[in-house]
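Q: I'd like to learn how to read a protein model. Could you take me through one, feature by feature?

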Amino acid sequence: MISLTKNSFLLDKCAISVSSICAIHCLTLPIILSVFPALGSSLFGQEEFHALLIWLIIPLSVIALTIGCKLHKNWFVACLGFLGLCILIFTALLGHDVLGENAERISTLIGSAIIALGHLINYTLCRRDQCQHKTAI
């Protein structure tokens, strides 16, 4: 039980970090590319970077939220994370074509924020004294 808790904490922190990187990338890329246009040809400026972030966010979020929700039994957190993942996946797959560039950016930020909030709640619930698995530690 202790290793699950530690893994959940670590995975939540990693997922929050990756979601934050996604949001920062989305916000700063236009500014960075206007100052350093050569970065547009690097991985940081390519769509593959979005795909890489999505492929990191999905498993991290699913595993961390599943472990946390099994431990603290608050399924709202899983629903919040699932909503954020759905928004991010939709935006990554169809966002630019369906929403346009600005709405895609806003949608990505909303999805990242929802996922980060879900992980933050998951993390704090697992740290609380009244959490069911806390007594096993």
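Q: Where is the place of Lys 73?

A: Some ground rules before that. This is a predicted model, where local features need pLDDT of at least 70, side-chain atom pairs count only at pLDDT 80 or more, and totals for chains, interfaces and linings use all residues. Residues are numbered from 1 along each chain as its sequence is written, and side-chain values use heavy atoms, with hydrogens and water left out. Helices are DSSP runs of H or I with at least four residues, strands are runs of E with at least two, and both are numbered from the N terminus. Now to your residue: Lys 73 sits in the loop between helix 2 (47-72) and helix 3. Its phi is near 60°, a positive value in a residue other than glycine.

Q: Which pattern does the protein chain follow along the sequence?

A: Going along the sequence, you get α-α-α-α. That's 4 helices and 0 strands.

Q: Is Lys 73 buried, partly exposed or exposed?

A: Buried means under 20% relative accessible area, exposed means over 50%, and partly exposed is in between (1.4 Å probe, protein chains only). Lys 73 has 47% relative accessibility, so it counts as partly exposed. Across the protein chain, 36% of the 137 residues count as buried.

Q: Is Ile 57 buried or exposed?

A: Ile 57 belongs to helix 2, and it counts as buried because its relative accessibility is 1%. Leu 65 is in helix 2 too, and at 6% relative accessibility Leu 65 also counts as buried.

Q: What separates Leu 65 and Leu 11 in sequence and in space?

A: Look at two things: how far apart they are along the chain, and how far apart their C-alpha atoms are. Leu 65 and Leu 11 are 54 residues apart in sequence, with 8.6 Å from C-alpha to C-alpha. His 119 is buried, because its relative accessibility is 0%. For Ile 57 and Leu 88, it's 31 residues in sequence and 9.4 Å in space, C-alpha to C-alpha.

Q: At what angle do the axes of helix 3 and helix 4 cross?

A: Axes are lines fitted to C-alpha atoms, for helices over the stretch in contact, and angles run from 0 to 180 degrees between N-to-C directions. Under 35 degrees counts as roughly parallel, over 145 as roughly antiparallel, 65 to 115 as roughly perpendicular, and the rest as oblique. Here the axes of helix 3 and helix 4 (residues 101-127) cross at roughly 165° and come within 8 Å. The two helices are therefore roughly antiparallel to each other.

Q: In which helix is Ile 89 found?

A: Ile 89 is in helix 3 (residues 75-99). At 31% relative accessibility, Ile 89 counts as partly exposed.
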